[in-house]
Amino acid sequence: MSEDAFQALTALVAAGDVVVLSGAGLSTESGIPDYRGPSGAARRHTPMTYQAFTRDPEARRRYWARSHLGWRTIAGAVPNDGHRAVARLQRAGLLGGVITQNVDGLHTAAGASGVIELHGRLDEVTCLDCGNATGREELHRRLDEANPGFDAAVAHVNPDGDVDLPDEAVSGFRTVDCAVCGAGMLKPDVVFFGETVPAARVADCFALVERARALLVLGSSLTVMSGRRFVLRAAKHGIPVGIVNQGATRGDGYAALRLDAPLGATLTAVAARLAAPAPAPV
């Protein structure tokens with residue numbers, strides 16, 4: 001990263017009213033790999049689709065077996081320097097809002113407030129029949145009880161919280177139904193591929209972007225329209241777009257500023273220039 005590029009990024013943020021759009025690349029330093037960046041480029045994992053999850057009991061069983069093991073990594077992940085820097089910049093009054101494509105909850109854990117979690121949160125579970133919402137830890141306990149001794153070697157965890165396992169490793173895994181209505185199908189409160197982000201949530205994001213002075217994309221390849229549409233909306237309204245990501249993105253052609261650099265170190269340096277230090281823990 002050149003000094004000129006860093007100065008341009010700092011100037012973009014210093015002017016304030018910046019809306020952050022973050023993707024999986026921001027969480028890689030917390031041990032959660034992404035799909036298309038440096039940590040994920042070699043993998044061929046196919047994410048679960050809403051249609052397969054709801055219509056195919058076998059696909060649903062594979063998902064819960066893999067996600068049950070992957071949850072250990074997600075639940076143990078902590079915010080990294082990038083998340084903490086975003087929270088510092090928000091506390092300094094420089095950010096107009098934070099939109100994240102991630103489902104790990106790490107922005108909030110780092111101290112950011114009012115985060116719009118575009119694709120939901122993996123630590124919450126919803127019954128598709130009665131609508132009851134529960135915490136993921138409770139489901140994890142119930143799945144442990146239903147599958148004593150279930151374990152498998154985990155090579156890596158995917159951004160959506162599941163792991164790659166051969167079919168034979170999950171052949172005996174037992175799923176559980178809703179503990180409230182007794183038979184409802186449980187689903188993590190995240191937006192699967194093939195599922196629609198709630199319209200009101202999308203509208204809130206568009207409104208946030210349209211009020212912004214600048215849009216700053218952090219750690220997203222912008223490959224899917226779910227995130228890229230906000231870059232397109234910013235460009236349509238003449239709102240400058242800055243992108244910090246390791247690797248090319250599908251929004252590069254709309255960017256007034258483009259940095260290929262590590263997120264943690266880069267954002268920490270920006271925050272050090274512009275924001276007061278984080279308060280010491282009590």
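The legends below accompany several close-up views of one predicted model.

Because the model is predicted, local features need pLDDT of at least 70 and side-chain atom pairs count only at pLDDT 80 or more, while totals for chains, interfaces and linings use all residues. Residues are numbered from 1 along each chain as its sequence is written, and side-chain values use heavy atoms, with hydrogens and water left out.

**View 1. The protein as a whole.** The protein has nine helices and nine strands, where helices (H or I, at least four residues) and strands (E, at least two) are DSSP runs numbered from the N terminus. Of the 282 residues in the protein, 52% are buried; buried means under 20% relative accessible area, exposed means over 50%, and partly exposed lies in between, with a 1.4 Å probe and protein chains only. Among contacts between residues at least 6 apart in sequence, 73% join residues at least 24 apart, contact meaning heavy atoms within 4.5 Å.

**View 2. Helix H4 against helix H9.** The axes of helix H4 (residues 81-91) and helix H9 (residues 263-274) come within 8 Å and cross at roughly 25 degrees. Axes here are lines fitted to C-alpha atoms, for helices over the stretch in contact, and angles run from 0 to 180 degrees between N-to-C directions. H4 and H9 are therefore roughly parallel to each other, since angles under 35 degrees count as roughly parallel, over 145 as roughly antiparallel, 65 to 115 as roughly perpendicular and the rest as oblique. H4 passes H9 in a left-handed crossing; a crossing is left-handed if the near helix is turned anticlockwise from the far one by less than a right angle, and right-handed if clockwise. On the H4 side the contact is made by Asp 81, Gly 82, Ala 85, Val 86, Arg 88 and Leu 89, and on the H9 side by Gly 264, Leu 267, Thr 268, Val 270, Ala 271, Ala 272 and Leu 274. By class, the contact of H4 with H9 holds eight nonpolar, three polar and two charged residues, with Ala, Val, Leu, Ile, Met, Phe, Trp, Tyr, Cys and Pro counted as nonpolar, Asp, Glu, Lys and Arg as charged, and the others, Gly among them, as polar.

**View 3. Helix H7 against helix H8.** Helix H7 (residues 199-211) and helix H8 (residues 225-236) pack at an angle of about 35 degrees, with their axes 9 Å apart, and H7 passes H8 in a right-handed crossing. From H7, Val 202, Cys 205, Phe 206, Val 209 and Glu 210 meet Arg 229, Phe 230, Arg 233 and Ala 234 of H8. The residues of this contact divide into six nonpolar, no polar and three charged.

View 4. Rings of Phe, Tyr and Trp (its six-membered ring) pair if their centres lie within 6.5 Å, and planes under 30 degrees apart count as stacked, over 60 as edge-to-face and the rest as tilted. By this rule the count comes to seven aromatic pairs. In one of these pairs the rings of Phe 53 and Tyr 63 have centres 5.6 Å apart and planes at 85 degrees, so the pair is edge-to-face. Phe 53 belongs to helix H2 (residues 50-55) and Tyr 63 to helix H3 (residues 57-76), 10 residues apart, and both Phe 53 and Tyr 63 are buried. Ring pairs link Phe 53, Tyr 63, Trp 64 and Phe 192 into a cluster.

**View 5. Two histidines, His 83 and His 107.** His 83 is placed in helix H4 and is buried, with a relative accessible area of 0%. Not counting residues up to four places away in sequence, His 83 touches Leu 26, Ser 27, Ser 30, Leu 106, His 107 and Ala 110. His 107 is found in helix H5 (residues 106-109) and is likewise buried, with a relative accessible area of 3%. Leaving aside neighbours within four places in sequence, the contacts of His 107 include Ser 22, Leu 26, His 83 and Val 86.

**View 6. Asp 167 in a loop.** Asp 167 lies in the loop between helix H6 (136-146) and strand E6 (186-190), and at 47% relative accessibility Asp 167 counts as partly exposed. Beyond its neighbours within four places in sequence, Asp 167 is in contact with Arg 62 and Arg 66. Asp 167 and Arg 62 are 105 residues apart in sequence and 7.5 Å apart in space, C-alpha to C-alpha.
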